[in-house]
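Subject: Structure handover

Hello,

Here is the structure I promised you. Please open it next to this email and follow along.

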Amino acid sequence: MKKFFGLLIASASLAVASFDANAQAPADIPADMNALMTKYTCIACHRPNQKLVGPAYADVAKKKYSNEEIVKLIYTPVPSHWPGYPPMAPMTQVPKEDAMKLAVWINSLDGGSKTTTKKTTTKKTTKKS
């Protein structure tokens, strides 16, 4: 029963916050991501660098979820991963291809903290005497 009321409150918040979402879109969201976030109402609760109803996407990226894990969380949210936030409603209407696009973009917001290894080779030269 508590879960039901939590989802009901989250849904009501989503509906109120999604009103005129296009006008609320910040400039730091690329046009293609803004279109997806508006279409699926993500923008009602999330922003790239600002806590809203849900966590900032940059904070999600810091958790180091894989793209596949983010897609799974879009469809089956785990409220215990984000204590202090209202539970997210499952966004089962988002096609997997669009969910993956969003996940890739979310993970790009990690601030460059993901390390990449680059192989370097050094060439030793010896002098002949």
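Let us begin with Asp110. Asp110 sits in the segment after α6. Bear in mind that this is a predicted model. Is Asp110 buried or exposed? Asp110 counts as buried, because its relative accessibility is 9% and the cut-off for buried is under 20%. Setting aside neighbours within four places in sequence, Asp110 is in contact with Ala61 and Lys64.

**Salt bridges**

How many salt bridges does the structure hold? There are 4. Here are some of them.

The side chains of Asp110 and Lys64 form a salt bridge, at 3.8 Å from N to O. This pair links distant parts of the chain. Asp110 belongs to the segment after α6 (96-107), while Lys64 is in the loop between α4 and α5 (67-75). The two residues are 46 residues apart. Their surroundings can be compared as well. Asp110 is buried at 9% relative accessibility. Lys64 is partly exposed at 42%.

Next, look at helix α4. The side chains of Lys62 and Asp59 meet in a salt bridge, also listed at 3.8 Å from N to O. How far apart are Lys62 and Asp59 in helix α4? They are 3 residues apart in this helix (residues 57-62), so about one helical turn separates them. Here is the rule behind that. An α-helix has 3.6 residues a turn, so residues three or four places apart point the same way. Now check the accessibility. Lys62 counts as exposed, because its relative accessibility is 55% and the cut-off for exposed is over 50%. Asp59 is partly exposed, with a relative accessible area of 30%.

Now move to helix α6. Lys101 and Glu97 have side chains that meet in a salt bridge, at 3.7 Å from N to O. They are 4 residues apart in α6, so about one helical turn lies between them. Lys101 is partly exposed, at 39% relative accessibility. Glu97 is exposed, with a relative accessible area of 58%.

Which residues are linked with Lys101 in a network of salt bridges? The network joins Glu97, Asp98 and Lys101. Asp98 is found in helix α6. Asp98 is buried, with a relative accessible area of 11%. Leave aside the neighbours within four places in sequence, and Asp98 is in contact with Leu36 and Tyr40.

**Tyr57**

Go back to helix α4 and find Tyr57 there. Is Tyr57 buried or exposed? Tyr57 is buried, because its relative accessible area is 7% and buried means under 20%. What does Tyr57 touch, not counting residues up to four places away in sequence? Its contacts are Met37, Cys42, His46, Arg47, Pro48, Trp105, Ile106 and Leu109. Tyr57 and Ala103 are 46 residues apart along the chain, and their C-alpha atoms are separated by 9.6 Å.

**Two helices with a buried face**

Take α3 first. Helix α3 spans residues 31-39, and its buried residues are Met33, Asn34, Leu36 and Met37. Why are these residues on the same side of α3? They cover an arc of only 165° around the axis, which puts them on the same side of the helix. Leu36 is one of the contacts of Asp98, and Met37 is one of the contacts of Tyr57. Turn the helix around. On the other side of α3, Ala31 and Lys39 are exposed. After α3 comes Thr41, whose phi is positive, near 65°.

Then look at α5. Which residues of α5 are buried? They are Ile70, Val71, Leu73 and Ile74. Viewed down the axis of α5, they fall within an arc of 165°, so they line one face of the helix. These buried residues pack against α4 and α6. The face turned away from the buried side carries the exposed residues Glu68 and Lys72.

**Where to look again**

Best wishes

Definitions and conventions
Residues numbered from 1 in each chain as written. Predicted model: local features only at pLDDT ≥ 70, side-chain atom pairs only at ≥ 80, totals over all residues. Heavy atoms only, no water. Buried < 20%, exposed > 50% of the residue type's maximum accessible area, 1.4 Å probe, protein only. Contact = heavy atoms within 4.5 Å. Arc of directions from axis to C-beta.
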